[in-house]
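Reader: I would like to learn how to read charged side chains in a model. Could you walk me through it?

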Amino acid sequence: MRVRTRPINDNKAYVAVLGPFDFSLHQEFRAAIDSLAQAEICQIDLRETSSLDSSALGMLSVAKRQFKRLEITDPKPEIRDTLIMAGFSESTGN
């Protein structure tokens, strides 16, 4: 599994993406965020994410709509640049 989750703590969910964040993770990522839907805040840890494509940006948009607040943490510099160009800051609220 390339998407890892941690139980909800203080109304905050945790999701880590390992390796390339691309369309091949669509179902796994969606299942992960759906399983954590009762949380208000979701932290997406990109520390071990090697790359991301446009479908990953779409998946992050879905997560942004699902949670009251989305926190994107520890992206590599090139991933951070892509996120910024796509309109994602490290902490994104609805």
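This is a predicted model: local features need pLDDT of at least 70, side-chain atom pairs count only at pLDDT 80 or more; totals for chains, interfaces and linings use all residues.

Reader: What is the general idea behind a salt bridge?

Author: Side chains of opposite charge can pair when their charged atoms come close. Here the structure holds 7 salt bridges.

Reader: Where in the chain do Asp34 and Arg30 sit, and how far apart are they in residues?

Author: Both belong to helix α1, and because they are 4 residues apart there, about one helical turn separates them. Asp34 is partly exposed at 37% relative accessible area, and Arg30 is partly exposed at 36%.

Reader: Which parts of the chain does the pair Arg2 and Asp22 link?

Author: Start with the contact: the side chains of Arg2 and Asp22 meet in a salt bridge with an N to O distance of 3.8 Å. This pair links distant parts of the chain, 20 residues apart, with Arg2 in the segment before β1 and Asp22 in the loop between β3 and α1.

Reader: What about Glu40 and Lys68?

Author: Their side chains meet in a salt bridge too, at 3.8 Å from N to O. Glu40 is partly exposed at 36%, whereas Lys68, at 56%, counts as exposed.

Reader: Which residues do salt bridges with shared partners join into one network?

Author: Lys12, Arg69 and Glu71 are joined in that way.

Reader: Let us look at Glu71, then. Where is Glu71 found, and is Glu71 buried or exposed?

Author: Glu71 is in strand β6, which covers residues 69-73. Its relative accessible area is 15%, so Glu71 is buried. The side chain of Glu71 also makes a polar contact with the side chain of Lys12, at 2.8 Å.

Reader: How far is Glu71 from Met59?

Author: Their C-alpha atoms are separated by 14 Å, and the two residues are 12 residues apart along the chain.

Key
Residues are numbered from 1 along each chain as its sequence is written. Side-chain values use heavy atoms; hydrogens and water are left out. Helices (H or I, at least four residues) and strands (E, at least two) are DSSP runs, numbered from the N terminus. Buried means under 20% relative accessible area, exposed over 50%, partly exposed in between (1.4 Å probe, protein chains only). A polar contact is a pair of N or O atoms within 3.5 Å; within protein, one must be able to donate a hydrogen and the other to accept it, and residues adjacent in sequence count only if both atoms are side-chain atoms. A salt bridge is a side-chain nitrogen of Lys or Arg within 4 Å of a carboxyl oxygen of Asp or Glu.
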